[in-house]
Amino acid sequence: IYTFGLAHHILGCAAEWIYIKSHHTEEGRKLTCDFFGKTSSTMIGCFAGILLFSVAHFVPVVAGMTPFPKWYCVFNLLIGKAVFNSVRQLGNTALINGIGTSNMSLGTIVMFTALLLGWKKYVGDKEYVL
């Protein structure tokens with residue numbers, strides 16, 4: 001699933017390269033938009049993977065199939081992404097744009113940090129068997 005993300009980012013960089021090499025002309029913009037349209041399946045696959053991962057993480061926590069309390073479902077990649085992306089509503093500064101643009105990375109850091117700390121608290125040194 002993450003292969004789609006890799007392909008999406010490589011093709012996105014290629015599209016930017018096309019636009020820059022065309023000296024920011026209208027023809028270059030059309031080429032870039034056409035390129036994005038023809039390679040949009042990689043973006044769709046990438047976001048489908050994010051959604052699949054988020055649901056696969058959310059459902060077991062809410063269903064009580066993990067050692068975490070049900071409220072731990074808030075530490076989810078999609079929820080973290082949405083929260084950090086919503087920071088953009090606070091203005092247009094470098095810090096706010098950086099947080100908004102890094103929404104996926106920051107959401108992932110918060111999710112795994114919460115899971116790590118929660119694991120130590122709710123499971124500790126006990127052996128946990130699924």
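## Starting from Cys 73

Reply: Let's begin with one residue. Leaving aside residues up to four places away in sequence, Cys 73 touches Phe 58, Val 61, Val 62 and Ile 79. Keep in mind that this is a predicted model.

Me: Which residues make up the largest nonpolar core?

Reply: There are 10 of them: Cys 46, Ile 50, Val 61, Phe 68, Tyr 72, Cys 73, Leu 77, Met 111, Ala 114 and Leu 115. Helix 3 and helix 6 are the elements that give two or more residues to this core. As a general point, nonpolar side chains tend to be buried together in soluble globular proteins.

Me: How do you know that Phe 68 is buried?

Reply: Buried means under 20% relative accessible area. Phe 68 has 11% relative accessibility, so Phe 68 counts as buried. Tyr 72 passes too, because its relative accessibility is 8%.

Me: And why is the pair of Phe 68 and Tyr 72 called stacked?

Reply: A search of the whole structure finds 6 aromatic pairs. For Phe 68 and Tyr 72, the ring centres are 5.0 Å apart and the planes are at 5°, so this pair is stacked. The cut-offs are centres within 6.5 Å for a pair and planes under 30 degrees apart for stacking. Both residues also belong to one aromatic cluster, together with Trp 71, Phe 75, Trp 119 and Tyr 122.

Me: Let's turn to helix 6. What do you get when you set its span against the expected one?

Reply: Helix 6 covers residues 103-122, which is 20 residues, and reaches 27 Å from its first C-alpha to its last. That is close to the 28 Å expected at 1.5 Å a residue.

Me: How do you know that the buried residues of helix 6 line one face?

Reply: Those buried residues are Asn 103, Gly 107, Met 111, Ala 114, Leu 115 and Gly 118. Looking down the axis of helix 6, they fall within an arc of 100°, so they line one face of the helix.

Me: How does helix 3 compare with its expected span?

Reply: Helix 3 has 23 residues and reaches 33 Å from its first C-alpha to its last, close to the 33 Å expected. Its buried residues include Thr 42, Gly 45, Cys 46 and His 57. Just after helix 3, Gly 64 takes a positive phi of about 80°.

Me: Is Thr 32 buried or exposed, and how do you know?

Reply: Thr 32 sits in helix 2 (residues 26-38). Its relative accessible area is 9%, so Thr 32 is buried. Not counting residues up to four places away, Thr 32 touches Ala 15, Ile 18 and Tyr 19.

Me: What about Thr 66, then: why is Thr 66 called partly exposed?

Reply: Thr 66 is placed in the loop between helix 3 and helix 4. Partly exposed is the label between under 20% for buried and over 50% for exposed. Thr 66 has 21% relative accessibility, so Thr 66 counts as partly exposed.

Me: What makes His 23 exposed?

Reply: His 23 lies in the loop between helix 1 (2-21) and helix 2. Exposed means over 50%. The relative accessible area of His 23 is 66%, so His 23 is exposed. His 23 also has a positive phi of about 60° although it is not a glycine.

Me: Last one: how do you know whether the protein chain is spread out or compact?

Reply: The protein chain has 6 helices and 0 strands. Its radius of gyration is 19 Å, well over the 14 Å that the globule rule gives for 130 residues, so the protein chain is more spread out than a compact globule. Along its principal axes, the C-alpha trace spans about 60 × 30 × 20 Å. Of the 130 residues, 25% count as buried.

Methods:
Residues are numbered from 1 along each chain as its sequence is written. This is a predicted model: local features need pLDDT of at least 70, side-chain atom pairs count only at pLDDT 80 or more; totals for chains, interfaces and linings use all residues. Side-chain values use heavy atoms; hydrogens and water are left out. Helices (H or I, at least four residues) and strands (E, at least two) are DSSP runs, numbered from the N terminus. The expected span of a helix is 1.5 Å times one less than its number of residues. Buried means under 20% relative accessible area, exposed over 50%, partly exposed in between (1.4 Å probe, protein chains only). The arc is that of the directions from the helix axis to the C-beta atoms. A nonpolar core is a set of buried Ala, Val, Leu, Ile, Met, Phe, Trp, Tyr and Cys residues joined through side-chain atoms within 4.5 Å. Contact means heavy atoms within 4.5 Å. Rings of Phe, Tyr and Trp (its six-membered ring) pair if their centres lie within 6.5 Å; planes under 30 degrees apart count as stacked, over 60 as edge-to-face and the rest as tilted. The radius of gyration is taken over C-alpha atoms; the globule rule is 2.2 Å times the number of residues to the power 0.38.
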